[in-house]
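The following exercises are meant to be worked with the sequence and the coordinates side by side. Try each task before reading its solution.

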Amino acid sequence: MLTEETAARILDFSQPLDIKLLDEVVTAMYKSSGNEQKLAEKILNALKEHPDSWTRVDSILEFSSSQQTKYFALQILEVLIKTRWKVLARPQCEGIKKYIVGLIIQTSSNPELMESEKTYLSKLNMILVEILKFEWPTNWPQFIQDIVGASKTNESLCQNNMIILRLLSEEVFDFSLGQMTQTKAKHMKDSMCQEFGMIFQLCQMVLENSQNASLVVVTLETLLRFMHWIPLGYIFETNLIQSLVTRFLGVPAFRNVTLKCLAEIAGVPARDYNDKVVELYVITTNKLNEMLPLSTRIREAFDRGTTDEQNFIQILAIFYCTFLKSHGDLLENKVMTSKLIDAYKYLLRISEVDDKEIFKICLEYWNYWVCELYTKATLSCRSVYSPTVAKAEYEPILSELRTILISRMARPEEVLVVENDHGEVVREFMKDTDSLNLYKSMRETLVYLTHLDHEDTEKIMLQKLKNQVNGTEWSRANLNSLCWAIGSISGSMMEDNERSFLVVVIRDLLGLCEHKRGKDNKAIVASNIMYVVGQYPRFLRAHWRFLKTVVTKLFEFMHETHEGVQDMACDTFIKVSQKCRRQLLIPQPGASCGFVEDIIRSADSIISDLQPQQVHTFYEAVATIISAETDRAAQNDLVEGLFRLPNGIWDEILMRIAADVRVANDVEVVKQLCNILKTNYAACRALGNGYMVQLCRIYLDMLNVYKLLSEQINGVIIAQGEQVVKQPLIRSMRAVKKTVLNLLSCWIQRSHNPILVANDFLPPLLEAVATDYQQSPPISREPEVLTTMATIVNRLNENVLRSLPRILDAVFQCTLEMINKDLEDFPDHRTNFFILLQSVNTNCFQALLSLTTEKFKLILDSVIWAIKHTMRQVSETGLNILHTMLLNLSVGNSPTQQHLLRCFYIEIMQHMFAVITDRSQTGNLTLQASLLAYMFKMVEAGQITVALGGDDPNLTVTAEVNVQYVHQKLLEMLKQAFPHLQEAQIVVFIKGLFALDTDVSAFREHLRDFLVQIREITGEDLSDLYLEEREAEIAAAQLEKQKRQAEIPGLLGPAGMNDDYPAFENSTGGIGTGMSGGVGVTASGSGAAGGMDMAD
């Protein structure tokens, strides 16, 4: 049993460490539970954090009998190397280095020991690589020579040394970003390339002479990691390719890793070695023909094969796709079409394999290839609808590809029926799923294929449809894939061809529906008919009678209760409505009114069997048709007719509530109200501003319902506690409130008259919604209130200024109190709060300028809190708000703006560096760099005219004075935050911030270098940071920036002018350029623990 006495004995560094006791603590950590495990964890953490713990590592490794304890000791050593290596005395560094090398040699020289101690040896290898990142090449210039020489003495040792070389390559070439400075990484890469000859000779020696299979595999895996960076001569001017193909590709134990090497070579740009590239393709394909003849049924072989054999098929796909994408034109130019056709045949057979990932690999290339063929056809001035524009040799390949894609067509979209947080059953569309992305890629490929030869596409599709009708290929899955494929090529044929094709398709599908037995089969055929007709609006628009028949048929399907059919009918109806609005609105020949009026008159019977969410879709579809009406009066009449039924139910419910308020406590009544409001919301989405006639009818009643339900919710919470919000009735009441807010946001966003909204609609809305939000308990405040207010600010702009104080008073302080206690509660409120703040900042900044300094600081503090948030969406919004705020402060030169900049500029910069150096903030480095770069540009460009330092708040100074002040202030700040850094490091860093502030990408990488440096305690030795070289690069960047700025007369000002660069010679990115860096770059590994508030 572990006790505090155990901890004292373990942590007493005046006595030799009791290794047996440490083994017990480690065992307790991994195998016990409860208080004993917590105590073990506490002891081990304390030992790991002790500054002298590394001195115990050698005795632990020598005497411990536990693998877990040895691993723990190596973790201690790894932390020391990563953070404090540079402050150790040279003899200590040499001692640790020799000790680790000795352990590796001892463990890896014996094959049995190497296998049994695999995890331990792996950690030793990683620690050696960490040492090399500091020692090589400066303090250990002979390392490559040493490791190559040692490898020749023992095959087992050689195998492990190959792993070390591979790890070193990965650290330098693949993972150096964020782990070492740019200059250091460059020097290590240069050293690796210069000394690669010795490594290559070692690899060659192993591959030519060794009979040890595991050593050969490891050597090939190591070569694979080298392929993308080694000098091309080692690949194309040696016998490497020949050796890989002839000696290893045909051997089952080596073929996968060998083919990976060849695939890597296939992707290397090598225009100077075209003949060698062609040779690579030819000898590899010849060898593959021996191993896997083209007559092989690869799909069946894959299904029967082992995991290793299945992986080989995937690598084969990667090899051909990579080669053809990079060098396919070489084979065409070399008149090697027959060899090229072999590759396409392999890819066709592989494309049939029932494996989604392999199919996606092939599909990516097919998409690229047919796009290239189509582009060449259009460039040759052929009509985009002209058939057979590809080479004759390709026609059989393209035809077979069409067949495969049609047979495997992915589902266009996933529709799920789910229960949301409020207990409502809703339809949820899964956007950007893997399946939908696959469909998009397949659709695009099939469209190109149809352009290349629409006749062949039609022929294949109609033959497959015929086989469905006659039963030879009938299955629901086959029919689905075929119809999805037919729908996917809409618009890719000439209209006449499309018409004749579609007539046959619909005729056969209708015949299939008639002849198929069983409700399930009929439902599948029906849904596919609906899908196909919904995909061809051009055909429907041109054929009114057919369009009317389709819509009438859809209404029939809305009464079909089989699962999915009603959903499909409603989906297709809204799709048709969107594409054929005018045809359904205007009177057609022989009709006295538009078809939409017939729909409205029959709406009650049409929707009688639909579920609520399907009714909403129906109303949105009809409203879409009505939105095409340009006559306001006629449109209003249609809207009133559409809402006749829901308005009647709405009025009846409100009358019952007026007679007895307890009716509002009936959950079914509340759900009815919610569904009516959702029907309104659906119609509003389609009608936009035209919804106003209906909104005016229910507006005040809707706000009264909102207030009534809020009072009911708040009363129950006060009486019974917060847990009641989970009850079905309260959830339904809140759903009503949310729908009201969504409806109002939707209409305000689409309204045409912001003055009317501000004067007539906004006052009662704020009275009901804003007041309720302010007075309600936090648990019942709807986050949608904040987005509604943001919509109001965005849409009304300056028209909202009169009401803005009321909005901010109602929501600002009370929301801030909800979200500033921690980083987790009320996630929707915190996201929406900053969306509102962003709207105010963007559209009503003058209102913020009118605030007192204290109130402005309250808003700024909330933004600063946002940029430090761990929720990425919140921190990104905070950074964008702060960036916009600084832009607004720098535009114009009013005393208020200058006063605010003087008060808060340095504070903002301090917080920005705290965020950037915080390890929990690793995802927004590009945004952070963009904002910080702008702050330095502001100072350099003289946009801050008052002195940032000194006691006189009104003192006007030049840009150079403020630049010097920021430089000095930042130097003090960083020295205090990171006392382990040398002043020379910080000075070079600050110079770089000013020199690179017009190039956000370079600025970001400069920050990333600094984040690497703050994790290391360097001591006096700064040699591996190459500061002089880095300072020269920064000086050159600064000089280049000044040259560009000098090209624009007056930009630098008299003080910034240099006589060597006349004002009329240069150009600049100007103020505000370079504001956004590359999208999607993450700050991997950035920051010091605790950021700037903690010293290392």
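Predicted model: local features only at pLDDT ≥ 70, side-chain atom pairs only at ≥ 80, totals over all residues.

## Exercise 1: A ring pair across the sequence

Task: classify the pair of phenylalanine 173 and tryptophan 229, and find where in the chain each partner lies.

Solution. By the ring rule, the count comes to 44 aromatic pairs. For phenylalanine 173 and tryptophan 229, the ring centres are 4.1 Å apart and the planes at 5°, so this pair is stacked. Phenylalanine 173 lies in helix α10, whereas tryptophan 229 lies in the loop between α13 (213-226) and α14 (233-236), so that the pair links distant parts of the chain, 56 residues apart. Helices here are DSSP runs (H or I, at least four residues), as are strands (E, at least two), and both are numbered from the N terminus. Both partners are buried, because the relative accessible area is 18% for phenylalanine 173 and 10% for tryptophan 229. Ring pairs also join Phe173 and Trp229 with Phe196, Phe200, Phe226 and Tyr234 in a cluster.

Helix α10 (residues 155-174) also holds glutamate 170, which counts as buried because its relative accessibility is 12%. Leaving aside residues up to four places away in sequence, glutamate 170 touches Phe175 and Arg225, a contact being heavy atoms within 4.5 Å.

## Exercise 2: The nonpolar core

Task: which residues have the most contacts inside the largest nonpolar core, and which helix gives that core its largest share?

Solution. A nonpolar core is a set of buried Ala, Val, Leu, Ile, Met, Phe, Trp, Tyr and Cys residues joined through side-chain atoms within 4.5 Å. The largest such core has 361 residues, and Phe573 and Phe618 have the most contacts inside it. Helix α19 (residues 307-333) supplies the largest share of this core, twelve residues. Turning to phenylalanine 618, its contacts, not counting residues up to four places away in sequence, are Phe555, Met558, Phe573, Ile599, Ala603, Ile606, Ile607 and Leu610. For the chain as a whole, 53% of the 1096 residues count as buried.

## Exercise 3: Backbone exceptions and a charge over a ring

Task: what is the peptide bond from tryptophan 136 to proline 137, cis or trans, and where do asparagine 797 and phenylalanine 826 lie?

Solution. As a reference, most residues other than glycine have a negative phi, and most peptide bonds are trans. The bond from tryptophan 136 to proline 137 is cis, with omega near 5°, and proline 137 belongs to the loop between α8 (118-135) and α9 (143-151). Asparagine 797 has a positive phi, near 50°, and lies in the loop between α41 (784-796) and α42 (804-819). Phenylalanine 826, not a glycine either, has a positive phi of about 50° and is found in the loop between α42 and α43 (827-843). Asparagine 797 is partly exposed, because its relative accessibility is 26%; phenylalanine 826 is also partly exposed, with a relative accessible area of 24%.

Finally, a charge sits over a ring if NZ of Lys or CZ of Arg is within 6 Å of the ring centre and within 35 degrees of the ring normal. The charged end of arginine 408 sits over the ring of phenylalanine 359, 4.2 Å from its centre, and arginine 781 lies over the face of tyrosine 773, at 5.6 Å from the ring centre.

Definitions and conventions: Residues numbered from 1 in each chain as written. Heavy atoms only, no water. Buried < 20%, exposed > 50% of the residue type's maximum accessible area, 1.4 Å probe, protein only. Phe/Tyr/Trp six-rings, centres within 6.5 Å; stacked < 30°, edge-to-face > 60°.
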